[in-house]
Amino acid sequence: MKQDSPESMAGLKPAKIVPVLVPMPAERPYSYAVPEDMKVVPGSIVRVPLGPREVAGIVWDGPGEAVDARKLRAISHVFDCPPVDEAMRRFVDWIASYTLSPPGMVARMILRAPEAFDPEPWVEGLQLTGAEPDRMTDARRRTLEMASDGMAWTRSGLAHAAGVSSTVIDGLKAQGVFETVMIPPRPVVAPPDPEYGRADLVGDQQAAAGTLREKVEADAFSVTLLDGVTGSGKTEVYFEAVAAALEKGKQVLILLPEIALTQAFLERFQDRFGAKPGEWHSDLAPRKRERVWRQVAEGGVRVVAGARSALFLPFNDLGLIVVDEEHDPAYKQEDRVFYNARDMAVVRGHIGSFPVVLASATPSVESRVNSEQGRYARSVLATRFAEAALPDIKAIDMRRAPPARGGFLSPSLIGQMQKTLERGEQSLLFLNRRGYAPLTLCRVCGHRFQCPSCSAWLVEHRFRGQLVCHHCGHNEKRPEACPECGTLDHLAACGPGVERIAEEVVGHFPDARTIVLSSDMLGGVKRLRLELEAIAKGEADIVIGTQLVAKGHNFPNMTLVGVVDADLGLANGDPRAAERTFQLLSQVTGRAGRTGKKSLGLLQTYQPGHPVMQAIVSGDAEAFYDREIVERERGGLPPFGRLAGIIVSADTRPEAEGHARQLRRAAPDATDIHVLGPAEAPLALVAGRHRFRLLVQGERRSDMQSFIRAMLAAGPKVRGSIRVQVDIDPQSF
Ligand code: ADP
Ligand code: ZN
């Protein structure tokens, strides 16, 4: 059909209006006019005026709402960028509705690399024309040889590679030996080759890989739980699914909980596919982020290995998501939009009609139940690959074998460390507590050092000479005298942190090479990576670490793992405590014995009879899951029932509590959903804000979102310092 020319319509046709989602906590897209000469489609990334500023936004679907012509403002720019695809837009809508977040705040997570919205400029380069230079010199010969690959080179790149000065190149160009061409931006990663380093899979691995391949080839939504003990070859197996998706020309996303620390994963991927995956996490240099974002949108990057935020990369041909360590709490984001990346990956697969693989040695109870009830397929790898055996695990009953006075390590653990040292092998001591001591008190008056803005004790960090709040970062110098009674030198450190364990270890083994690893180490992520590599290379004898060392690292010479306080995670009364402790203890003891050597895991516990300890010691994970699932079902807890937390916070306690009470009274009548509380939130005061929590509990099929929406709508107006945050499927409850 012939279209009217824009001129003939000028002044006649009202401006075309489209909805644009801007990165603001607004409930709906805003309407903007599209200038006559501008072309936009749903998904276009645009710049629009917003108040006194301009912001980037995404053109959304449907017609824009009519607005008062005098208020209507126009889109100022369309970025030269592939539009955000339909599946991604539905994903944003879905998450917004599920998590009760403003869609603009979800869209904001897509718009994280603003410099990438415009294409990177092409750079000027040089290419051989075939003409001969008037005379040959050594420098010219080297230059021609280097350039004879037929590729375009930048002037400085060629000069550098050939080891000549740029004037040599200018001379050749003047003679017509080189011509100027434009070079597109360099790809951040080379394309992966599905055949490159394919492993010969064995036994269970073949069956599991076959299942995953079928799922990918089916080109339909499915979820498969890849459940295999540590070292069984899960990664090798899901790489087959990745290869299958690549063969189909699809993009792939691999989610990892601590990607910044798992550089070894990138190398392993390279060994398998001949090229690194695109990397995505918050520690990435800005330039690299922009390139990855852009090339994911353009399709140049085929595989991304990323943290949870990689779910919001603008893939346009995504065909598989793998969630590694699917049970990991790091997948939960609790900042602005509260979401669990594992669950959202499943949603993304559903919207995009492609398979999702959840891999873990210790699956979440949710995923286990989903597989038992047939919603997810399950593939099991029951044994470690080759001659690697799982460590022998024993509990040390601390009531019978207490540590020496002032210490925290039992004689039997110390004895095993000694033997391990003598064999030239490595030990790992695990304690999930940073710093030196979790509590400092005055032995004379009993004064306890507390954070001024949080309901938490200050943690002593002896290396830094400070008392630190682990919730808000408040820190102060550790004083000599008690601020309450003034007594000098009577402050006592209570309980251990990793620094204190290190002190004890050095006392026992002064000649051993001891390393402490925790997330607050000076030098940040870079330094941690180096330390992890050094440990893998055997440059330490004894490693003392927090949960950082529990995850995904491969330390070939580590044959002893000692858990300093196996009961630590059980104490907090959270119904998920047993599951978490089981997962963490399995993971950390799984660090031992990755090669053929005999290995040992020792759990220091005051509750050796606890079902978690028994499951770990006997290696009977099934017993643990069976019991845990029965208890969840009996209590109507997830995944058999549904939960949501509503946190009301404010600058003062009465404000927070008052608002929470009124909100509770606004709850609609329902037979299947009820509201508990308000009660003080597990952390009642954080960074000076008082927090109260309502817990909404429903049945499996309850419509929690409608209930909470109605409650918020009927509830008191949010004003002053009050903030209300909804956490659907809270991590702890
Ligand atoms: P998981 O992810 O279950 O912990 P991995 O995939 O990391 O297990 O495998 C453990 C180790 O065994 C790795 O070093 C891996 O390269 C090796 N491995 C596993 N399966 C095979 C195989 N079929 N062929 C060669 N090496 C394998
Ligand atoms: Zn604090």
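Which residues come nearest to ligand 1? Of the 14 residues around this ligand (C-beta atom, placed from the backbone, within 6 Å of it), Ala-199, Gly-233, Lys-234, Thr-235 and Phe-385 come nearest. The model is a predicted one, in which local features need pLDDT of at least 70 and side-chain atom pairs count only at pLDDT 80 or more, while totals for chains, interfaces and linings use all residues. Residues are numbered from 1 along each chain as its sequence is written, and chains are lettered from A and ligands numbered from 1 in the order in which they are written.

The shell around ligand 1 holds seven polar, four nonpolar and three charged residues; here Ala, Val, Leu, Ile, Met, Phe, Trp, Tyr, Cys and Pro count as nonpolar, Asp, Glu, Lys and Arg as charged, and the others, Gly among them, as polar. Helix α8 (residues 234–247) gives the most to this shell, with three residues. Helices (H or I, at least four residues) and strands (E, at least two) are DSSP runs, numbered from the N terminus.

Helix α11 (residues 341–352) makes a friendly check on geometry. Nine of the 12 residues are buried, that is, 20 or more other C-beta atoms, placed from the backbone, lie within 10 Å of their own. Among them are Met-344 and Val-346. The cover, counted by contacts (C-beta atoms within 7 Å), includes α2, β8 and β15. Just after α11, Ser-353 takes a positive phi of about 55 degrees.

Terms used: Two residues are in contact if their C-beta atoms, placed from the backbone, lie within 7 Å.
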